[in-house]
Amino acid sequence: TLPFFHVGTENFGVEFSEDNIRTSCIVSYWCNIPLMASSAARSPIEEGKNIMQFFSPGYIKKTIEGDLPSKKDFLILYNKELINDEEKSMLENSTKLFDNGKYELWALSYKNAFQNNSVEIISKYNSQKDSLLKDRDFSVTQMPDTLAYSGFDSLKSEFVYKGSGALQVKKSDFTVLFQSDGGLKENEDYTVSFWYYNKGELRNQVLCAVEECDKDGSNCRWDIIWDPRRSMVIDGDWSLLEKKFRIKDNTEKIRIFVQGDVKSNQLIYIDEFLLRPSGVDVYKLFPANQDTTLFRNNRWIN
């Protein structure tokens, strides 16, 4: 079902409209096809994680493939509401079967659902790398007004996504990942992304937000918020948290932060922070002297 919904684990999933849930149940019943989407109390956490990972890019190994009983096509029910980038990518790899003006049916082949597309992405990079510009250690499609990156490699952490270190903090802490006293443009979209350790009950129950304050530090707002539970880009025990946003005024003071239950003693782990203009693609090869892994907008392609 697109937009997708999976309700019940409280750790992985996304909610959507009652109409979306009702329609998908009707189609599932009359077509005698089981739903991958679900709305049920106390669903298994690992099952929710594997189902959400189904939408991850093709260069990420999808655990759910080992749980599927057949290699038949997937039937997609799309109700024409807003969908995210991962859902759009799934439609682009599918074939339209039916459209009544309100709903569409698409066929997604098993092969397209699980095909590794890393070679295609790296080939595209190789074809354009000579035309890219240099910004410090990165190659970019155009020079950005703001480009902030931290791999946290100098920090010690029990769990690390890439490199030699990660940010390890208490969930209850008000943890600032980026701050600026101005410089971001009010007429430009920016994308913030970082990898978040997702293993452990309640670990994903944190708030991520962009705090906007007037230039004197007053009248602060948390209008731009998101959380780890909704991420559909999942690489093992790490989820990519990504959010596109636009500020209201270029004189604003900005803070990007995470915080969970103030009474919690649980630790959280964050790695590979990137802030970029949404229209700028950012590349880097890791390690720098070998074509081992391509970093593209905080997606890591082997």
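How do strand β18 and strand β19 pair, and over how many bridges? They pair in the antiparallel sense, over four bridges. Strand β18 covers residues 282-286, and strand β19 covers residues 293-296. The model is predicted.

## A five-strand sheet

These two strands belong to an open sheet of five strands. The order is β6-β7-β18-β19-β20, and the pairing is antiparallel. The edges are held by β6 (133-135) and β20 (299-301). Each edge strand has a single partner, so one side of each is left without a neighbour in the sheet. Neighbouring strands in this sheet are turned against each other by 30 degrees on average, direction ignored. Strands of a sheet pair through backbone hydrogen bonds, either parallel or antiparallel.

Look at one position in the pairing. F286 stands opposite T293 in β19.

Helix α5 (residues 118-128) lies across β18, β19 and β20. It runs at about 75 degrees to β19.

Is strand β17 enclosed or open to the outside? Of the 11 residues of β17, 10 are buried, so the strand is largely enclosed by the rest of the structure.

Several strands pair with β17. Strand β8 pairs with β17 in the antiparallel sense over three bridges. Here A148 stands opposite L275 in β17. Strand β9 also pairs with β17 in the antiparallel sense, over four bridges. In that pairing, V169 has I268 as its bridge partner. Strand β11 is joined to β17 by six bridges, and the two run antiparallel. Y196 stands opposite I270 in β17.

## Two nonpolar cores

In soluble globular proteins, nonpolar side chains tend to be buried together. The largest nonpolar core of this model has 26 residues. Those with the most contacts inside it are F194, W226, F245, I256, I270, F273 and L275. Several strands give two or more residues to this core, including β9 (167-170), β11 (190-197) and β17 (267-277).

Take F273 as an example. Its contacts beyond four places in sequence include A148, Y149, F194, I256 and N298.

A second, separate core has 25 residues. Among them are V14, M52, L91 and F114.

## Buried residues in loops

Loops can hold buried residues too. L147 lies in the loop between β7 (138-140) and β8 (148-150). Its relative accessible area is 9%, so L147 counts as buried. Beyond four places in sequence, L147 touches D135, R136, F138, V140, L274, L275, R276 and V282. By contrast, the C-alpha atoms of L147 and Q266 are separated by 31 Å. Those two residues are 119 places apart along the chain.

S94 sits in the loop between α3 (85-92) and β4 (95-99). S94 is buried, at 11% relative accessibility. A polar atom of the S94 side chain lies 2.7 Å from the backbone oxygen of M90. Leaving aside neighbours within four places in sequence, S94 is in contact with I76, W106, A107 and L108.

S56 lies in the loop between α2 (45-53) and β3 (74-78). S56 is buried as well. Not counting residues up to four places away in sequence, S56 touches K62, M232, V233 and I234.

The table lists accessibility for five residues.

| Residue | Relative accessibility | State |
|---|---|---|
| L147 | 9% | buried |
| S94 | 11% | buried |
| S56 | 3% | buried |
| F159 | 25% | partly exposed |
| Y197 | 5% | buried |

## Aromatic pairs

How many aromatic pairs does the structure hold? There are 28. A pair of aromatic rings is described by the distance of the centres and the angle of the planes.

In the pair F159 and Y197, the ring centres are 4.2 Å apart and the planes are at 15 degrees, so the pair is stacked. F159 lies in the loop between β8 and β9, while Y197 lies in strand β11. The pair therefore ties together parts that are 38 residues apart in sequence.

F286 and F295 form a tilted pair. Their centres are 5.9 Å apart, with 55 degrees between the planes. F295 is buried, at 0% relative accessibility.

Both pairs belong to a wider group. Ring pairs link F138, Y149, F159, Y161, W195, Y197, W238, Y269, F286, F295 and W300 into a cluster.

Conventions: Residues are numbered from 1 along each chain as its sequence is written. This is a predicted model: local features need pLDDT of at least 70, side-chain atom pairs count only at pLDDT 80 or more; totals for chains, interfaces and linings use all residues. Side-chain values use heavy atoms; hydrogens and water are left out. Buried means under 20% relative accessible area, exposed over 50%, partly exposed in between (1.4 Å probe, protein chains only). Contact means heavy atoms within 4.5 Å. Two strands pair if DSSP finds at least two bridges between them. Axes are lines fitted to C-alpha atoms, for helices over the stretch in contact, and angles run from 0 to 180 degrees between N-to-C directions. A nonpolar core is a set of buried Ala, Val, Leu, Ile, Met, Phe, Trp, Tyr and Cys residues joined through side-chain atoms within 4.5 Å. A polar contact is a pair of N or O atoms within 3.5 Å; within protein, one must be able to donate a hydrogen and the other to accept it, and residues adjacent in sequence count only if both atoms are side-chain atoms. Rings of Phe, Tyr and Trp (its six-membered ring) pair if their centres lie within 6.5 Å; planes under 30 degrees apart count as stacked, over 60 as edge-to-face and the rest as tilted.
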